[in-house]
Amino acid sequence: MGIRTMLTVTVCAATALSCGTAVAAPGGGHAGTAGGTATTTVREDFNGDGYQDVVVAAPAAAVDGHEWAGYITVAYGSAQGLSTAHTTVIDQNTPGVPGEPENGNSFGSRMVAEDLDHDGLTDLALYANEWLTSPNNFGSVIVLWGRTGGLTGQGAVRLAAPPDSQVGNNLTAGDFDGDGTTDLMLDHGGEYEERSVLYGPFDRSGVPAREQLVTMFDTDNYMGTTAAGDFNGDGIDDLCTTYVYEEHSEGAKLWLGTPEGLSPVSTPLPGASALAVGDFDKDGKDDLATRVVPGDIVEDFPADPGTVKIYYGSASGPSTTRTRTITQDTAGVPGVSEKGDQFGARLSAGDVNGDGYADLAVGVPFEAIEKTRAAGAVVLLKGGPGGLSGTGSQAFHQETAGVPGVAEAGDHFGASVRLLDLDNDGRADLVAGAPGEDLEAVADGGAVWSLRGTASGLTATGAFAFNPVDLGALVKGAGFGLNLSNDNGPGISD
C-alpha cells in the first residue's frame with residue numbers, strides 16, 4: 001500500500017536540497033520564504049482574493065489510459081480554510097494546456113507557484129516529463145497564468161527552449177538580482193555543465209526579460225534538489241544546489257545573488273537531502289533546514305531514523321559553524337528515533353503561531369503509529385530567539401484526535417508538507433499529503449489534510465481532508481498528494 005515507484009524527476013531529487021523560495025512581493029517588499037517568514041504578505045494567491053492557495057499533484061495518475069500522465073488540483077483558501085467547494089482539476093486535456101496526456105508525463109511532478117509576470121497574481125510553472133518531437137526536446141515547463149477567477153488552461157504556454165535540449169530539470173524560483181520580480185533557474189538547453197537563470201518579469205508568451213548561463217557542475221555528478229533564500233540578509237535571493245553521484249552525496253554549493261544576477265562563483269556547503277528556508281531566529285537572514293544524508297550514502301535512506309540539521313544565516317550565507325541538529329530523541333520532540341522513520345523526509349517553513357519566528361513542519365512518512373507500519377506523521381518544530389528547538393513541539397497523524405481518517409500501513413502521511421496561511425489570519429496552516437492512502441479499496445489513491453495554525457501552534461480542531469473521490473477525479477494509483485506547490489522535495493525512499 002506504500003508508494004513503490006517514484007518519478008524520474010523525483011528520484012533525481014532524492015539526495016539533495018528540496019525547494020523553498022524567497023521572492024520580492026509586488027511593490028518591493030520581501031515576501032518571506034517557503035510558506036512565509038512574513039505571513040502578512042500573501043504569496044500563493046492564484047485568484048487575487050487575499051487567501052493563499054495550494055496545488056496538489058497526482059503525478060502517478062493514468063489519464064485516458066496513459067500511465068503516469070498525471071493531473072493537478074488547485075484548492076483555494078478562504079476565511080474557512082480549504083474546502084472541496086472551490087477546487088479545479090487540470091491535466092493536459094484541459095483546454096488551453098499545451099500537449100496531451102502521455103505515458104510518463106507526470107504532469108505536476110514539480111511545481112513552482114510565483115508571480116512570474118509581476119501582475120500581483122500568482123502563476124504556476126510546472127514540469128512535464130514529456131518528449132517533444134519538435135523541437136526534439138525532453139521535458140518542458142508549462143506556465144498557467146493567475147486570473148481573478150482562478151487557474152485555468154486559458155493562455156497557458158510552454159517556456160521556449162533551444163532544440164535538442166533537456167528542459168526543466170531543477171526548476172527553482174527566486175529574485176536573484178533583487179529587482180522585485182521573480183526569476184527561474186532551470187535546465188534550459190545549455191551545455192551539460194550549465195544551468196540557465198531566466199530573469200523576470202516574463203511576458204504572457206513566456207519570454208523572460210533576459211537569460212544568464214551559469215556553469216554549475218565541475219564533475220560528472222548530477223544536481224538534486226535546490227533552494228533559494230536570502231541567507232546573507234542583503235535583500236537579494238541566493239541559491240543552494242546539491243549534487244549526487246551514484247549512491248554518494250557529493251556536497252552542495254552556495255551561489256550568492258547580486259544586483260547583476262546570480263554570481264558565477266560558488267562556495268561549498270555540506271550535502272543534504274530535503275530542505276526548507278525560513279528565518280527561525282528572526283535576525284533578518286534566512287536559515288537553511290536540511291535532512292542529513294546518513295553517512296553521505298543515499299542508498300541508506302530506507303533504514304534512516306532521520307536527522308534534521310539547521311544552518312543559520314550569516315553575512316556570508318548559511319553558517320557551517322552556527323548549526324543545530326534535531327532528531328526525535330531531542331528533548332521535547334515527540335516520538336522516538338527509530339530505524340526507518342525518515343524524520344525530515346520533507347520539510348516546510350512558516351510562522352504557525354504568528355509570533356514572527358518561522359516554524360518548521362517535518363514530515364515523518366515512515367513513522368509507525370502503534371504497530372501500523374509506515375502510516376506516517378508530521379512534527380512541528382517551533383522557532384524562537386535561539387532558533388529551532390524541541391521546546392513546544394507537536395506531532396500529528398491519522399490517529400490524533402480530530403484528524404480525519406485512520407492510520408493504515410503504507411499511507412505515508414507527511415510525504416509532502418506545506419505551511420501556508422490559507423484563512424488569512426496571520427498564522428500558517430499545515431497542508432500534508434498521504435499519497436499511499438487507500439480510497440474505496442483502491443491502493444495509493446492518496447489524500448491531503450489541512451490543520452489550522454493558532455497562537456499556540458497547530459490544532460486538529462476543525463481539521464479537513466480531501467481526496468480524488470471527493471473531487472470526482474481519477475483515483476487508481478494516482479499518488480494524490482505526492483507533491484504540493486512549492487514543496488518540491490525529494491521522493492520518499494521505501
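Me: Happy to start with R204; why is R204 called partly exposed rather than buried or exposed?

Reply: R204 has a relative accessibility of 37%. Buried needs a value under 20% and exposed one over 50%, so R204 falls in between and counts as partly exposed. One thing to keep in mind throughout is that this is a predicted model.

Me: What makes R204 and D119 a salt bridge?

Reply: Their side chains meet with N and O 3.3 Å apart. The cut-off is 4 Å between a Lys or Arg side-chain nitrogen and an Asp or Glu carboxyl oxygen, so this pair qualifies. The two residues come from distant parts of the chain, 85 residues apart: R204 sits in the loop between β12 (194-199) and β13 (210-215), and D119 in the loop between β6 (111-114) and β7 (123-132). D119 is also partly exposed, because its relative accessibility is 38%.

Me: How do you know that D218 and K253 form a salt bridge?

Reply: Their closest N and O atoms are 3.2 Å apart, and the limit is 4 Å, so the pair passes. Here too the partners are distant in the chain, with D218 in the loop between β13 and β14 (222-229) and K253 in strand β16 (residues 248-258), 35 residues apart.

Me: Which of these labels, buried or exposed, goes with D218, and which with K253?

Reply: D218 has 59% relative accessibility, which is over 50%, so D218 is exposed. K253 has 14%, which is under 20%, so K253 is buried.

Me: What makes R452 and D423 a salt bridge?

Reply: The N to O distance is 3.5 Å, and that lies within 4 Å, so the name applies. R452 lies in strand β28 (residues 447-454) and D423 in the loop between β26 (416-420) and β27 (429-434), so the pair ties together parts 29 residues apart in sequence. R452 is partly exposed at 30%, whereas D423 at 7% is buried.

Me: How many salt bridges are there by this rule?

Reply: The count comes to 13. Some residues are joined in a network of salt bridges: R43, E44, E114 and R418.

Me: What makes D283 and K285 a polar contact?

Reply: The backbone nitrogen of K285 lies 2.9 Å from a polar atom of the D283 side chain. The cut-off is 3.5 Å, so the distance is within it. Leaving out residues up to four places away in sequence, D283 touches G313 and R322.

Note on methods: Residues are numbered from 1 along each chain as its sequence is written. This is a predicted model: local features need pLDDT of at least 70, side-chain atom pairs count only at pLDDT 80 or more; totals for chains, interfaces and linings use all residues. Side-chain values use heavy atoms; hydrogens and water are left out. Helices (H or I, at least four residues) and strands (E, at least two) are DSSP runs, numbered from the N terminus. Buried means under 20% relative accessible area, exposed over 50%, partly exposed in between (1.4 Å probe, protein chains only). Contact means heavy atoms within 4.5 Å. A polar contact is a pair of N or O atoms within 3.5 Å; within protein, one must be able to donate a hydrogen and the other to accept it, and residues adjacent in sequence count only if both atoms are side-chain atoms.
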